[in-house]
Amino acid sequence: MPRIAPATEDKTKTRADKLKEVFESHRGERHVIAIRGYPDPDSIACAMAHAFICASYEIESTILYFDDISHHENRALVKKLNIEMVRYGEAELVDYDRIALVDAQMLELPAELVDVPMMSIVDHHKPQGEVDAEFVDIREDAGSASSIYAEYFADAIMTLERDNPFTGKLSSALLYGIRSDTDDYLSAREIDYRGAAF
């Protein structure tokens with residue numbers, strides 16, 4: 001009796017693949033990566049990861065925050081890892097093509113940015129209503145947004161080179177973001193453990 005070859009399985013695109021396509025369609029632009037509220041380790045790490053991906057698509061990015069970096073641990077994180085962030089009101093916000101929102105879904109934008117289209121929203125909090133962006137990844141089953149970005153890297157959104165010093169800094173930031181938002185892994189879920197292991 002002849003053997004019947006198994007049916008080939010259609011491989012669906014990962015979220016990283018879809019986000020890659022969005023980045024590719026905006027190659028060479030200028031983007032704002034916005035942090036809502038007081039910057040915490042999770043939002044800082046996600047903004048850092050998003051900016052790193054932007055650079056690989058020749059997208060010039062600015063990490064923008066609105067409220068004080070209040071906790072000394074968070075200030076130390078930004079200083080130790082040399083993360084470039086701009087406080088709203090301390091820089092001119094003109095000629096940006098897109099906005100990316102990390103670790104949040106809603107943001108009251110300043111007048112300079114109100115007409116700039118939203119490229120992406122990546123968050124792990126409960127959905128807060130209708131959101132409008134080219135790419136939306138909101139997952140309540142994640143204890144941190146850093147875990148979602150770690151998954152993008154695990155799914156090869158871009159190549160991470162071990163000998164690049166920035167890779168170590170980014171990994172440290174994402175791991176701290178996961179640990180911080182899951183209360184030292186007490187509220188961690190499967191994606192958080194996968195992200196931390198990666």
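Mentor: Let's start with what surrounds the second largest pocket: its lining splits into nine nonpolar, two polar and two charged residues. Keep in mind that we're looking at a predicted model. That pocket has a volume of about 240 Å³. Its lining is made up of 13 residues, and A51, S61, I63, E84 and F166 are the ones nearest the centre. Two elements, α2 (41-56) and β2 (60-65), each give two or more residues to this lining. The largest share comes from α2, with four residues.

Now hold on to F166, because it turns up again among the ring pairs, where the angle makes its pairing with F52 a tilted one. The whole structure has seven aromatic pairs. In the pair of F52 and F166, the ring centres sit 4.7 Å apart and the planes are at 40 degrees; planes under 30 degrees apart would count as stacked and over 60 as edge-to-face, so this pair is tilted. What does the pair link? It joins distant parts of the chain, with F52 in helix α2 and F166 in helix α5, 114 residues apart.

Helix α5 takes us over to the largest pocket, where α5 is the top contributor to the lining with seven residues. The space in that pocket comes to about 320 Å³. Its lining has 14 residues, and the closest to the centre are L160, R162, T167, S171 and F198. Besides α5 (165-181), both α4 (145-154) and α6 (190-197) supply at least two residues each. Sorted by class, you get nine nonpolar, four polar and one charged residues in this lining.

Two of those helices also pack against each other. The axes of α4 and α5 are 8 Å apart, and the angle is about 140 degrees. Roughly antiparallel would need an angle over 145, so α4 and α5 end up oblique to each other. On the α4 side the contact uses S146, S147, Y149, A150 and F153, and these meet L170, L174, G177 and I178 from α5. The contact is made of six nonpolar and three polar residues, with no charged ones.

Key
Residues numbered from 1 in each chain as written. Predicted model: local features only at pLDDT ≥ 70, side-chain atom pairs only at ≥ 80, totals over all residues. Heavy atoms only, no water. 1 Å grid on protein atoms, 1.4 Å probe; cavity = no way out; pocket = protein on both sides within 12 Å on 5 of 7 lines; lining within 4 Å. Points joined across faces, edges and corners; volume = space filled by probe spheres on them. Nonpolar A, V, L, I, M, F, W, Y, C, P; charged D, E, K, R; others polar. Axes fitted to C-alpha atoms, helices over the stretch in contact; angles between N-to-C directions. Parallel < 35°, antiparallel > 145°, perpendicular 65-115°, else oblique. Contact = heavy atoms within 4.5 Å. Phe/Tyr/Trp six-rings, centres within 6.5 Å; stacked < 30°, edge-to-face > 60°.
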